[in-house]
Amino acid sequence: MKILVVNCGSSSIKYQLIDMENEQVMAKGLVERIGIPGSVITHRPEGKDKVVIEAEMKNHTVGIKYVIDCLTHPEYGVIKDMKEIDATGHRVAHGGELFSEPELVDQRVFEGVRDLGRLAPLHNPASVMGIEATEEALPGVPMVTVFDTAFHQTMPPKAFLYGIPYNMYKDYAIRSYGFHGTSHKYVAETVAKEIGKPIEDLKIITCHLGNGASITAVDGGKSVDTSMGFTPLGGLIMGTRCGDMDPAVVPFIMEKEGFTPEDMNQFMNKKCGVEGISGVSSDFRDVEEAANNGNERARYALDMFIYRVQRYIGAYTAAMNGLDVLVFTAGIGENSITMREEICKNMDFFGITIDPEKNNIRGEIKEISQDSGRVKVYVVPTNEELMIARETKAIVEKLGK
Ligand code: ADP
C-alpha cells in the first residue's frame, strides 16, 4: 500500500509518499508560496536528484496537481501512475472535542474540520483547502484526517478545564486541547517497543522540543496531561512564543503598547519566548552560541527554557505518581546534547540521570541514561508523517482495501 501524506499550510503543502510494505519514503517535497508570486515546488525522490520547479500556483488545487505530476514524472517520478496511490493522510491541526481518533473523510468529517476553523483560524482552513484539492486530483481515493489534538482527548476534566466559569467551556469551547499529539503518540509507542514492554504498563513523559515545544504525560499509553493548551501558545517558553504567564500580563501590555487583541496575539506568538528574552534569535543553536560567548540575556533564555521543562517533568511525575521513561524528541530534543544534559541535571531525586558518553548523539533512537538510573531516558527521533501514514493505513484496511 502506498500512502501520500499531506500537510497543508495557508501557502504551502508538505508531502511524503510512503510505501507501507517497508515504511520507506519514496519521495518527499514542499510546495511553497501558493497564491503568492514565486510559487515553487521542491521535489526529492528517493535515490534521485532533487528537482525544483517554479511555476504559477494560484491555489492548493494547482499545488497538488504539481505534486502528482512530480510523483508520476517519467524522469524524476517514483510511481508510474497516480492510481498507485491507495490513500492520502492529512495532518489537521485542530480536532476539537469532535475528533479523538483519525477519521475517514466524509461530509461529516469535512464539515467538522471546516467548522473547527473557529478554534484554529490559521490552520484548519488550510487543511480544508488541501482536502478539497486532493479530492479533485485523486477522485475516489480514500482520505484520512489525523488530528494534532486527538491524542490528548483522553485528558481528564481536571487537566483540561481552565479556572473560568464553566459556561465559557460549554458556550465557547474554551479548554485545553494540547497539540503535537501525533508526535507524542509516535515517540511514546516507539520507545515502549524499543524497551520491549507493553505501553499499558509504562509511565512516560515525552518532551517534544522544537521551535514549537510541548510536554506530555503518557500514562499507560494515554495522554493524561500536556503543556500546550487552548492554542499552541501555552506551556513552555518556545522559540518565539511566550508560553504560560500570569494572565493579567495580557491586558497590561495591551494597554501600555496600545495593542488590539490581534496585535497582542501576534506579539505573544512571534516576538516573545527565547527570541524575545535573548534578543539574539529563535534558533537554539544561535542562542547557545551567544550564551557560550558570554551573552547574559541568551543565558537567561536558555535557563528559563530548561527550568520550565524541568518543572513540567516534576509536575507530570506527580500527576502520574511515578515515571519509567523520559523521551526527548524534535529539533532540540533530538540534536542538542547540551540542552538534554542541562535539563537532566539535578533531577536525580526523580531517578533521572544522564550518561554523558551515551548522550553524545544526534537524531538516532538511543537510551542516554546511566545504567543505574531508575528512569530510562531516551532520544527518539519523531516521525509525524510515518505516524499519519500508519493511522491512514489502519483505517483504509478496515474498508477492506
Ligand atoms: P518545528 O518543527 O517546530 O519548526 P523543529 O522540531 O524542526 O521545529 O526544531 C527546530 C529547532 O531545533 C531550531 O530552533 C533549532 O534551534 C533546534 N536545533 C536543531 N538542531 C540543533 C542543534 N544541533 N543544537 C541545538 N538546537 C538545534
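Arg 175 is buried, with a relative accessible area of 1%, where buried means under 20% relative accessible area, exposed means over 50%, and partly exposed lies in between, all with a 1.4 Å probe and protein chains only. This is a predicted model, in which local features need pLDDT of at least 70 and side-chain atom pairs count only at pLDDT 80 or more, while totals for chains, interfaces and linings use all residues. Residues are numbered from 1 along each chain as its sequence is written, and side-chain values use heavy atoms, with hydrogens and water left out.

The side chain of Arg 175 meets that of Glu 97 in a salt bridge at 2.7 Å, N to O, a term that stands for a side-chain nitrogen of Lys or Arg within 4 Å of a carboxyl oxygen of Asp or Glu. Glu 97 lies in the loop between E6 and strand E7 (103-104), and Arg 175 lies in the loop between helix H5 (166-172) and helix H6 (181-195), so the pair ties together parts that are 78 residues apart in sequence. Helices (H or I, at least four residues) and strands (E, at least two) are DSSP runs numbered from the N terminus.

## The fold as a whole

The protein has 14 helices and 14 strands, and its C-alpha atoms fill a box of roughly 55 × 55 × 45 Å along the principal axes. With 401 residues, a compact globule would have a radius of gyration near 21 Å, and the 22 Å of the protein agrees with this; the radius is taken over C-alpha atoms, and the globule rule is 2.2 Å times the number of residues to the power 0.38.

Of the 401 residues, 52% count as buried. Among contacts (heavy atoms within 4.5 Å) between residues at least 6 apart in sequence, 60% join residues at least 24 apart. The accessible surface comes to about 18,900 Å², of which 49% belongs to carbon and sulfur atoms; these areas come from the Shrake-Rupley method with a 1.4 Å probe, and for residues only the protein chains shown count as cover.

Side chains of opposite charge can pair when their charged atoms come close. The protein has 43 positive and 57 negative side chains, and the centres of the two sets lie 1 Å apart. In this count Lys and Arg are positive and Asp and Glu negative, with His and the chain ends not counted, and the place of a charge is taken as NZ of Lys, CZ of Arg, CG of Asp or CD of Glu.

A search of the whole structure finds 14 salt bridges. One of them joins the side chains of Arg 91 and Glu 384 at 3.7 Å, N to O. This pair links distant parts of the chain, since Arg 91 is in strand E6 (residues 87-92) and Glu 384 is in helix H14 (residues 384-398), 293 residues apart. Arg 91 is partly exposed at 23% relative accessible area, whereas Glu 384, at 16%, counts as buried. Asp 283 and Arg 285 also meet through their side chains in a salt bridge, at 2.8 Å, N to O; Asp 283 counts as partly exposed at 25% relative accessibility, and Arg 285 is exposed at 64%. Salt bridges that share partners join Arg 91, Asp 148 and Glu 384 into one network.

Glu 391 has its place in helix H14 and counts as buried at 14% relative accessibility. Leaving aside neighbours within four places in sequence, Glu 391 is in contact with Pro 102, Val 146 and Lys 185. Glu 391 and Val 144 are 247 residues apart in sequence and 8.2 Å apart in space, C-alpha to C-alpha.

Phe 110, in helix H2 (residues 107-115), also counts as buried, at 14% relative accessibility. Not counting residues up to four places away in sequence, Phe 110 touches Val 105, Val 128, Ile 131 and Glu 132.

## Positive phi angles

His 180 has a phi near 60°, a positive value in a residue other than glycine. His 180 lies in the loop between H5 and H6 and is buried, with a relative accessible area of 11%. Asn 346 has a phi near 55°, likewise positive in a residue other than glycine; its place is in the loop between helix H13 (337-343) and strand E13 (366-367), and Asn 346 is exposed, with a relative accessible area of 70%.
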